[in-house]
Every structure is written in structure tokens, then in C-alpha cells.
Amino acid sequence: MALLASARILVLMVQAVPTRPLAIAALPERAQGLPPEVEIVVPVHNEVATLARSVHRLYDYLVSAFPFSFRLTVADNASTDGTWEAALELASELREVSALRLEAKGRGRALDAVWSASEAKVLAYMDVDLSTDLSALLPLVAPLVSGHSDLAIGSRLTRGARVVRGPKREMISRCYNAILHIVLGTRFSDAQCGFKAIRAESARALLPLVRDRAWFFDTELLVRAERAGLRIYEVPVDWVDDPDSRVDILATALEDLRGVVRLARDRRSGDARAAVSGSELPGFRGQVIRFAAIGVVSTLAYALLYLVLRGPLDAEAANALALLLTAIGNTAANRRLTFAIRGGGRAVRHQLQGLVVFALALALTSGALFALHAFSPHPARLAELVVLVVANLLATVLRFVLLRSWVFSARRSAPPLASGDELPG
């Protein structure tokens, strides 16, 4: 792996020699029809004083120490101080640098515009002040390139982070993330660090659901990702506060709190979850329809299995085995289709929880069968089947309630944070 990374770095260093004056025309990936593996966005607004210095520093790091092909995009949010002209100059000077102009402010707006149009596999962004040490960039994107995780965030509040900032900002940051934990039930540690990355397919699923286009964009993206069961990787960062920050803390805090209230309402209504596969998770009505369709198939499968097993087994044993087999298939189908959970994360736990639901359904159907035999010691097979189908319909309602509120609930279906994991490879 180290030899491969070194070879790729050498290739990038050779490609970094400027050959043409226009950034877009000089991109080797585009010339060959190959998109870059990583696109990094630097959103800016009136940053002419620091833009060139920061972009050159970031570019030098990417060329010399970053093993993946990249594109660096400066996204200008309606600057009025010459930032756009400086961005155009950088794009003409540096091969893998491009510039985009937006006529409205908002970091989220800039990220949405670039990420939505990007062909890269992994999409990242960082603040122009480069407060986060660049050595954290490779650990940030590596688990996404490898497929280990869906999102990655730099965290100033997790173990291993080293932060230099005043007590006021430290208190505000910790209080804000505590509010997210209490009100929204989040588990990521730092929502607002300007150092994040996401896999392209996850971005395509989440971006249409994110309504905020300003500072709350980061938080909303992470909350919706966690509710969708996406895997979020946390990277402890070295971070030094920018003394020239012009963020209006009070106005931003009020906007963020309004966003938190909105997401809390979304959570209650069940309207704000995204599917890992790239499509929006169906709302309650859609879940009911999909669950019902799976239930019909499961009931037919159950009836067929029961009739087949009833010959060599007695009624109780045939019912239990048929219900067990269909329960396993039912849980797997609902996991994927009704609640849009992909991948192997927590699959075993979901099946075990599904078996608990199975046990309750078994108790209900067995009780119904016991009552039938108490009423009629030798009922016809058709009578047994009718009673069991009716009992299964009742058990189906119980199954949906438990699957939705317990087994596949947003908080329980999300995999644990991977801040303590090692990078793959």
C-alpha cells in the first residue's frame, strides 16, 4: 500500500507541471474522460486577502502528499471585494483548480451547487482559513474512497483532537452539540467543524432533503445522514481558531436553533429520512404499502410452508417452523425495502430483534391454534389454516409497529460512530 501511494504521489507531482493557462483545459482526468477521485470545495465570501495564500498552501499539500487524484474548486458566494477575480487567476494558474461563481451567499448553497454537479467519487470541503491541519485530510477521505464509511467529519470534540481557541467559542460549540444530542438524539460529536467529506452516492441521496443553504447545512446533512443509517467516520483534528473570523455568532446561533426545531418536527412526522441506496426513504404511507406487500408475500409463503410441513409434523411444530422461516425472510425484506437499510451493518442485530418479534407473533398464533383445538379437538385442516391466517394478520400489525418503532428506528439502525476505528489498509 505504501509503495502504491508513493507511486500515485509521483504521478500527481509529474501532472502538476503546468502546461496550459486554462485550469479546466489542463485537467488530465477530464482530458482522458476520467473524473477525479476526490473533489474539494473551498467556499468563500469576501476572502481576497487570504484566498491565494490558502489555496496555494492546500494545492501544494495535495500535489506532494495526497495519493488520490483531485480537483480543487473555489466556490465564490457573491463576493464584492475581488475574491472572484482572485479565484479566476488561481484557476488559470493551477491545473487542478477551478472556480465557480454564485450570486447568493450561503456555504450550503455553494456545497450543493458543486457537489451536485461533481463527477468525483468523494466530495469534501474545508474552510478557506485552513484552521484544520491538512494532515487530517487523508484520514478524512480514505475511509470513503475504500467504501468503509459514507461520511467523514473532522471533530474538535472527540478524543485525540487538539484545539486552540478561546473559552467563549469552546463553550458555544459544546453547548450546541449538547443540544443536538438531547433534542435530536444525534451521536456525532462535532456538527460545525468546517472539514467534512461524503461519498457521491450518499450526497445524491441527502442533498435533495437538506433545506438549509447557510451555516446550518452541515448539521442538517449530518442529522439526515444519521437518521438514514449512513456510517459516519470521525477524525480528531488539530484546529487553531481563526482570529479574523467574521461569523455573526448570535445570528448564526438563532438560525441554528430554528433549524434544530425544524428537524425535531421532521423526526416526529417521519418525513426526513434518506435511503442509503440513493433514493428517499418512503414516508409512513409508503412504508405501510411496502410492508403490506411484503406481508402478503410472507403470508402466502407461510401458508404454503405450513401445508408442506403439516404432513411430517404436527400442527404446532409446522406452524413454528413455517413462521420462523418466513420471519427471517420478512425481516430481511423489510430491512431493505420498507426501511431502506443497506449493507451488513447491524444486520445480525436486526435479525435477532426480528426473532423477538417472531416470538411474540408465535405466541399470538400458537395461542389462537390452542384456542381452536380447545374448542374443537379435531378441526379440519382448512379451519386450522383460516385461524392461523387471521392470527397472522393480527401479528402483522404488531410486527409493523415493532419494526418501525424498535428494530429499524432511525437511532437504532444507524451504525455506531467509527471514531475509534483504524483506517482500512
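Me: Before anything else, what makes two strands pair here?
Reply: Two strands pair if DSSP finds at least two bridges between them. The model is predicted.

Me: OK, then which residue in strand 7 is the bridge partner of Leu-123?
Reply: Ile-198 is the bridge partner of Leu-123.

Me: Do strands 4 and 7 run parallel or antiparallel, and how many bridges join them?
Reply: Antiparallel, with five bridges joining strand 4 to strand 7, residues 195-199.

Me: And strand 1, in which sense does it pair with strand 4?
Reply: Strand 1, residues 38-44, pairs with strand 4 in the parallel sense over four bridges. Ile-40 stands opposite Ala-124 of strand 4.

Me: How many residues of strand 4 are buried?
Reply: Strand 4 covers residues 122-126, and five of its five residues are buried.

Me: Which residues sit on each side?
Reply: Val-122, Ala-124 and Met-126 are on one side, Leu-123 and Tyr-125 on the other. Both faces are covered. As background, side chains in a regular strand alternate between the two faces of the sheet.

Me: Switching to the whole protein. How many helices and strands?
Reply: There are 15 helices and nine strands.

Me: What share of the residues is buried?
Reply: Buried residues make up 50% of the 425 in the protein.

Me: Last one, on contacts between residues at least 6 apart in sequence: what percentage join residues at least 24 apart?
Reply: Among those contacts, 79% join residues at least 24 apart.

How values were computed. Residues are numbered from 1 along each chain as its sequence is written. This is a predicted model: local features need pLDDT of at least 70, side-chain atom pairs count only at pLDDT 80 or more; totals for chains, interfaces and linings use all residues. Side-chain values use heavy atoms; hydrogens and water are left out. Buried means under 20% relative accessible area, exposed over 50%, partly exposed in between (1.4 Å probe, protein chains only). Helices (H or I, at least four residues) and strands (E, at least two) are DSSP runs, numbered from the N terminus. Contact means heavy atoms within 4.5 Å.
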